[in-house]
Every structure is written in structure tokens, then in C-alpha cells.
Amino acid sequence: MKRNRTNRFGLTLPPGIGALQPYVPGKPIEAVEREYGITDSIKLASNENPLGPSPRAVAAVERSLAGLHRYPEGGAPLLVRRLAETLGVSEKTIVLGNGSDEVIGMLTRVFLNPGDEAILPAPAFLMYEIMVRCDGAVPVPVPLRSMAIDLEGMADRIGPRTRMIFLTNPNNPTGGIIRKAAFEAFLEKIPSGMVVVVDEAYIEFVRNPDCARGIDHLTGDRPVAVLRTFSKAYGLAGLRIGYGVMPPELAEPLNRIRQPFNTSIPAQAGAAAALEDTEFLRRTLETVHEGIDYICYRAAALGLAPYPTEANFVLIRLNRSADAVFEAMLRRGVIVRSMTAYGYPDHIRVTAGTRKENRRLMDVLSDVAG
Ligand SMILES: *Cc1c(COP(=O)(O)O)cnc(C)c1O
């Protein structure tokens with residue numbers, strides 16, 4: 001492979017890193033408006049909060065700014081205490097990260113050696129594979145089955161080198177959930193010597209009471225590491241703060257390798273305030289749930305196939321090329337996500353926005369794909 005050759009400085013990339021494909025984020029609004037010469041566009045591509053950030057978080061961030069000449073308190077005692085109280089877990093189970101993305105990397109660095117295997121759903125959030133490869137480990141993708149995470153298929157792939165298994169609940173990009181009984185049956189099959197990582201970036205949006213929650217399994221025999229974030233329901237994606245909740249035997253080594261100042265003073269302050277802003281969370285859920293129901297209703301009325309979702313986005317099967325629809329919507333100022341890169345060339349993923357944004361989204365989709 002070309003990128004793996006020694007370069008003119010005599011440097012050779014490790015094989016896992018030489019083969020990496022860079023993460024492709026959703027298109028930023030500014031880039032779209034510049035490229036297409038449009039204004040007034042809306043971005044419903046990255047599952048961000050339609051209401052903006054929690055106002056209490058913004059106020060707390062502003063108050064924190066006078067202290068920016070100081071290093072943050074690395075352990076973030078206030079935020080850790082509030083998280084432990086809110087979740088009903090011990091403070092020893094919490095690991096903070098510069099986004100939950102960073103916690104994924106800490107887990108792979110601590111628990112994967114070169115040549116170890118990590119089982120992951122395919123398609124899945126691209127950061128799992130990137131982090132696994134960074135540590136010289138080998139991703140073992142298990143395709144979705146009927147558009148759901150194939151827990152049985154994943155358990156069947158466990159081998160002597162398996163050290164980690166990634167699950168996403170609710171799943172991205174499908175929005176489906178893992179049910180309690182299925183998750184429990186899955187854990188029963190997990191031998192010792194491996195970590196089950198459950199990414200719950202969208203768990204706050206779940207309406208189905210039968211959805212499994214990793215936190216209910218922290219004291220079980222199998223090591224379950226739960227990933228949560230302030231980027232979605234709490235509206236703080238730009239602040240970069242997320243966390244892991246896991247048995248202390250896992251959290252302790254992660255906190256040892258954690259960069260001492262990995263979460264900033266504003267991020268800690270904003271996240272602690274957002275946790276207390278239950279009114280903002282309530283309004284967010286109300287807006288998102290109404291938006292999801294509206295988008296699904298209208299997509300179905302257009303003869304398209306929206307998948308049932310418990311997250312703040314909907315995967316929609318079209319009757320034509322997703323890239324063409326994505327492009328046509330972009331020209332009309334509506335940014336969605338084409339799922340071609342995920343292996344679904346006739347699907348788009350759309351994030352629930354405000355009522356006004358959702359109406360425009362579906363009007364434009366109706367014009368270009370109805
Ligand atoms: C958005 C998202 C995250 C959140 O990542 P942060 O680094 O916390 O912003 C994690 N996992 C999945 C599957 C996501 O879609």
C-alpha cells in the first residue's frame with residue numbers, strides 16, 4: 001500500500017495508521033454557503049441539538065472565562081460529583097473525555113495490544129475502527145442483520161484474540177435499539193478477558209422502556225464500559241465533553257493514562273450546568289420527539305421508507321441515489337447526510353430540527369425525491 005512506504009524523512013507509518021481512512025464529518029454550514037453561494041441554509045446532518053446549547057450551560061461557560069489563565073482541575077470534581085448523583089453510580093466509575101470520542105481512544109489504548117481483535121457492527125460510527133487501528137489491533141466487522149445490530153452474529157465471532165466488542169445503543173445510523181433481554185442474553189455469552197463497550201450517545205432520546213441501559217450492568221460479572229456525551233441531548237457538541245461509566249477496575253487505568261487536563265475549564269463548567277438544566281433537556285426531548293414523528297409521517301407519505309428510530313435522527317430509504325438527493329438538497333440549502341460512505345447508496349440520514357426546519361426539510365425532500 002502506497003501510504004505505508006517509508007517517506008523521504010525515513011519514517012514509516014505503523015501499518016494500522018498507514019491504512020486509515022480519515023473521518024469524514026458532516027458538512028459545516030459555512031462551507032456549504034461559500035461553495036454554493038447561498039445563505040439561510042439549515043444543517044440537519046450531524047445530530048446536533050436543534051435548540052442550541054442549554055442557556056444555563058452558556059451562562060456557566062461565560063462565568064468560567066475569567067479563570068482561563070489557570071489549568072483546569074483535571075479530575076473535574078464538581079462535574080464528576082453531579083454525574084455520579086444524576087446517574088446513581090459511584091464517582092469511581094466515571095472517566096471524562098474531550099468528547100466521548102476521546103474515551104473510545106483511551107479504552108482501545110489501555111485494553112488492546114497489536115494483533116488483538118475488536119468486534120464491531122458494520123456499518124458503525126467510524127471512530128471505533130479508527131481507534132482500534134491506531135493501536136495496531138484488528139477490527140472484525142459484523143454486518144447488521146435486518147438493519148439491526150446482530151448480537152448473535154457478533155457473539156459467534158468471538159475468538160481467542162477478541163479483547164473488545166463495540167455496541168451502539170441506540171444505533172447510528174439506523175436509530176434502532178438493543179432490548180433488555182437481548183442484551184442480557186448477549187452478556188451471558190461473553191467470556192472473561194474482553195470489554196463490552198456500549199456507546200449510548202443517543203440514550204437520552206429513547207422512548208421505548210425496553211431499551212437496554214449499560215449502567216444497569218456495571219456491577220455484573222462482565223466488564224461493560226458505557227459511553228455518554230454532552231454533544232447531543234445537552235447541546236454542547238462544540239465544547240467537546242463526554243464521559244465513560246465503567247467498573248472501577250476499568251475506570252482506574254483509564255484515568256491513569258488520561259491527559260491530566262483533557263477537559264477544559266469551560267467544558268467542565270458548561271457540562272455541570274447542563275446536567276442541572278432539566279427544563280432544557282425536557283424541551284429538547286419534546287422538540288426532537290415531535291420532529292421525529294413528523295419526519296417519519298411525511299417520509300412515509302412520500303412513499304419513502306423511514307426506519308423506526310429511538311434517536312434524534314431518521315434513516316430514510318429513497319427510491320434513488322442518496323448522493324444525488326444530498327446534492328440537490330444542498331443546492332436548496334438543506335444539509336443532510338448521504339449514507340453512501342456507510343454502504344447505503346440509496347439512504348440518507350436526517351437529524352430532527354426545529355418545527356420550521358423540519359417542514360423545510362420535508363418540503364425540499366418532497367421536491368427532489370418524492
Ligand atoms: C455523536 C456521537 C458520539 C459523540 O461523540 P462526542 O465525541 O462525545 O461528540 C459518539 N458516538 C456516536 C455513535 C455518535 O453518533
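How many of the five residues of β13 are buried? Five of the five, so β13 is largely enclosed by the rest of the structure. Buried here means under 20% relative accessible area, exposed means over 50%, and partly exposed is in between, with a 1.4 Å probe and protein chains only.

Some housekeeping. This is a predicted model, in which local features need pLDDT of at least 70 and side-chain atom pairs count only at pLDDT 80 or more, while totals for chains, interfaces and linings use all residues. Residues are numbered from 1 along each chain as its sequence is written, and side-chain values use heavy atoms, with hydrogens and water left out. Helices (H or I, at least four residues) and strands (E, at least two) are DSSP runs, numbered from the N terminus.

Back to β13. His347, Arg349 and Thr351 point one way from the strand, and Ile348 and Val350 the other way.

Now its sheet. Four strands make an open sheet in the order β9-β10-β13-β12, with antiparallel pairing. β9 and β12 (337-338) are at the edges with a single partner strand each, so one side of each has no neighbour in the sheet. Two strands pair if DSSP finds at least two bridges between them. β10 and β13 are joined antiparallel by five bridges, and isoleucine 316 has isoleucine 348 of β13 as its bridge partner. Isoleucine 316 of β10 also stands opposite proline 306.

Next, the loop between β9 (305-306) and β10 (313-317), where we find glutamate 310. The backbone is another matter: the nitrogen of arginine 207 lies 2.7 Å from a polar atom of the glutamate 310 side chain. Contact means heavy atoms within 4.5 Å. Beyond four places in sequence, the contacts of glutamate 310 include Pro170, Ile177, Tyr202 and Phe205.

There is another open sheet, of seven strands in the order β2-β8-β7-β6-β5-β3-β4, with mixed pairing. Its edge strands are β2 (94-97) and β4 (138-143), each pairing on one side only. Inside this sheet, β5 (residues 162-168) and β6 (residues 195-199) run parallel and share five bridges. Isoleucine 165 has valine 196 in β6 as its bridge partner.

Threonine 108 sits in helix α5 (residues 100-111) and is buried at a relative accessible area of 0%. Its side chain reaches the backbone oxygen of glycine 105 at 3.0 Å. Leaving out residues up to four places away in sequence, threonine 108 touches Met131, Val132, Asp135, Met164 and Phe166.

Glycine 74 is in the loop between α3 (55-64) and α4 (77-87). Is glycine 74 buried or exposed? Glycine 74 is buried, with a relative accessible area of 17%. With the same exclusion of residues up to four places away in sequence, glycine 74 touches Arg258, Pro260, Phe261 and Gln268.

Terms used. Polar contact = N/O pair within 3.5 Å; in protein donor to acceptor, adjacent residues only side chain to side chain.
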